[in-house]
Amino acid sequence: MLAFIIQRLLQSVLVMLAVAMIAFALFNFVGDPISNMVGQDTTLADRERLRQELGLNDSFVVQFARFVAHTARGDFGLSYQQARPVGQIILEKMPATLELSFVAALLALALGVPMGIYTGINRYSWVSQAMLAISLIGVSLPTFLIGILLILVFAVTLGWVPSFGRGTVVHIGWWTTGMLTLEGWRAIILPAITLSLFQLTFIMRLVRAEMIEVLRTDYIKFARARGLTSRAINFGHALKNTLVPVITITGLQLGSIIAFAVITETVFQWPGMGLMFIQAVTFADIPVMAAYLVLVGFFFVVINLVVDLLYYVVDPRLRIEREVAAGG
Amino acid sequence: MAEITFPDTPAIVARPPRWRRFVESDLLWSFSRSPVTVGAAIVAFVIILAALLAPLIAPQNPYDLASVSLMDATDPPAWLSDGDWKYPLGTDNQGRDILSTILYGTRLSLLVGCSAVLLSLVLGVTLGLVAGWRGGIVDTLIMRVADVQLSFPAILIALLIDGVARTMLPREVQTEITLYVLIMAIALSYWVHFARTVRGSTMVERNKEYIQAARVIGVHPARIVVGHLLPNVIGPVLVIATINLATAILTEATLSFLGVGLPPTEPSLGTLIRVGNDYLLSGDWWISIFPGIVLALLILSVNLLGDWLRDAFNPKLR
């Protein structure tokens, strides 16, 4: 167990170093950092002194080590576009993205799991068939197209909800929330539906497949033979045993909500980190890009690590397999 | 059956002509039995054909400034009250015929999608063959990278590669090579599935008799891998390629929609939807909805074809 944790931790550190290397390379291969900072009339001697002060004449290894140390403290330098510390900008944008992702994840779980259970148990009812057909369309329609259609119908034609932005937000310390105002809730409905739709269909299909698999097993047949109610069989026996893969895969999948948030935020002009990244790419705002890169890398590494460890804790069979593999 | 003169001689009856084997194959039979698949194939075929023939069938060349008039900007589709049959699906903000821009845009979307899949196929199959054949540290290295990459969503990887590459390139050449950067970014995000599948089947095939026989008689390893091993591991690769084509087209459209894909001077379906998105709030829905419908139909039909192909090749489901 300990060896496994250490091995996984080591791998995570390596991945983070690779991500940091890419972020570092961004700074170094895009033009001359000095020219980005000083005006045309700065003398060569002044430039050289600045270069020395900033440590740009040090060796690659020293510079990279310094970059990692700064990054670990959350110091990403100044944004080229806004001339403010990048850490500050990210702190401002983070609440918007986290709130949106949280509502979307909740929506996907609250609807996806029951729909999966229903379609898994009643495989041939027309309601299940309809749900599956709709989910196929949900998978095939690009996220941004779903967003555009929702805007067209509910914001432009019906005028029920705003088509962009977060509505009115309330400041609580450095955190801003739209969850406390009616405007905020109205604004989050469409983006949250857009963001959750893919995950919803994914979770539904996963739960359905697992339910069908488990309902085929011998112990379910035996439970039926014992004359247990179908309620006890479906929920007490079958559902319980589908939960292990569902929890872990869903956990991994929730991470990709952050990735898809980039698209949703762009469609709805939602002022979060995803929109910030896209704007940074368009303006070649390297410090912001580098910070986003490191942040997303970190986020995914942590999710993967937690899910891996969770899998190990939840499923005893995995432990034995590993021990056998290690012994043989 | 006229060509069979000696029905008793096995050497002659053994192989009917190629087209006949195709017509009588299980594959075609299962194809004709699935109306959804036939429908998807027809839709995909029509879209691809229309895109290929775009210069011949488009009512207007939307990138020829002489044929475009700003007077006709944002005309609605022909069946609406202000519409004009000159522009069946209406016009965009610059007076270009939507139908024509869609035909040209689909061409670019397909070009990027197909090139990206081809590139990721070559990359993934090569790395998979090397990893499976050589084993050892090469195998560990390639598969570790694949594992790590698989833990991130592919679309995010494509977005990051594209964004980083775009920033690192000098500004003067950026617009000319965006197309290639985009293809590279998508290809680099989807090679993993190919590599994993090929590595798995290579490790199985490596120990079979025909490979050992080839080794014993002293065939060069490179020739064994390319000539004998490759044909036996390529089957599943084609299925993955079809499914990945849908994903690659989707990724291209998404990146273009986000404004980090193809530029407005070379619009793909995603770019067209992005342009139309700005006019959505003023009620000019047709600019983005029609390209959107074509994109959705294309992805859905390719997806359905891929699903069918996967099931048809999977002996477990027979």
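This is a predicted model: local features need pLDDT of at least 70, side-chain atom pairs count only at pLDDT 80 or more; totals for chains, interfaces and linings use all residues.
How many of the 318 residues of chain B count as buried, as a percentage? I looked that up first: 41% of them do. A residue is buried here if 20 or more other C-beta atoms lie within 10 Å of its own, exposed if 12 or fewer, and partly exposed in between, with C-beta atoms placed from the backbone.

Residues are numbered from 1 along each chain as its sequence is written, while chains are lettered from A and ligands numbered from 1 in the order in which they are written.

**The two chains**

I looked up the elements next. Chain B has 14 helices and zero strands, and chain A has 13 helices and two strands. Both kinds are DSSP runs numbered from the N terminus: helices are H or I with at least four residues, strands are E with at least two. In chain A, 34% of the 328 residues are buried.

Then I checked contacts, meaning C-beta atoms, placed from the backbone, that lie within 7 Å. For chain B, 67% of the contacts with a separation of 6 or more join residues 24 or more positions apart. For chain A, 70% of the contacts between residues at least 6 apart in sequence join residues at least 24 apart.

**Where the chains touch**

I found 33 residues of chain B in contact with 29 residues of chain A. On the chain B side, the elements giving two or more residues are H8 (154-168), H12 (235-258), H13 (269-277) and H14 (286-313). H8(B) gives the largest share, nine residues. By class, I noted 22 nonpolar, ten polar and one charged on that side. Nonpolar covers Ala, Val, Leu, Ile, Met, Phe, Trp, Tyr, Cys and Pro; charged covers Asp, Glu, Lys and Arg; the others, Gly among them, are polar.

**Two helix pairs in chain B**

How far apart are the axes of H12(B) and H14(B)? They are 9 Å apart, and the packing angle is about 165°. Axes are lines fitted to C-alpha atoms, for helices over the stretch in contact, and angles run from 0 to 180 degrees between N-to-C directions. H12(B) and H14(B) are therefore roughly antiparallel, a label for angles over 145 degrees. Their crossing is left-handed, which asks that the near helix be turned anticlockwise from the far one by less than a right angle; clockwise makes a crossing right-handed. Val239(B) and Ile249(B) are among the H12(B) residues in this contact, and H14(B) brings residues including Leu298(B) and Phe313(B). The contact has 15 nonpolar, four polar and one charged residues.

I turned to H10(B), residues 209-216, and H11(B), residues 221-233: about 150°, axes 11 Å apart. H10(B) and H11(B) are therefore roughly antiparallel too, with a right-handed crossing. Tyr210(B), Ile211(B), Ala214(B) and Arg215(B) meet Ile224(B), His228(B) and Leu229(B).

**The core**

The largest nonpolar core has 150 residues. Such a core is a set of buried Ala, Val, Leu, Ile, Met, Phe, Trp, Tyr and Cys residues joined through C-beta atoms within 7 Å. Helix H6 (residues 98-134) of chain B gives the largest share, 16 residues. Among the residues with the most contacts inside the core are Leu100(A) and Ala195(B). Beyond its neighbours within four places in sequence, Ala195(B) has contacts including Gly124(B), Leu127(B) and Ile142(B).

How values were computed. Two residues are in contact if their C-beta atoms, placed from the backbone, lie within 7 Å. Angles under 35 degrees count as roughly parallel, over 145 as roughly antiparallel, 65 to 115 as roughly perpendicular and the rest as oblique.
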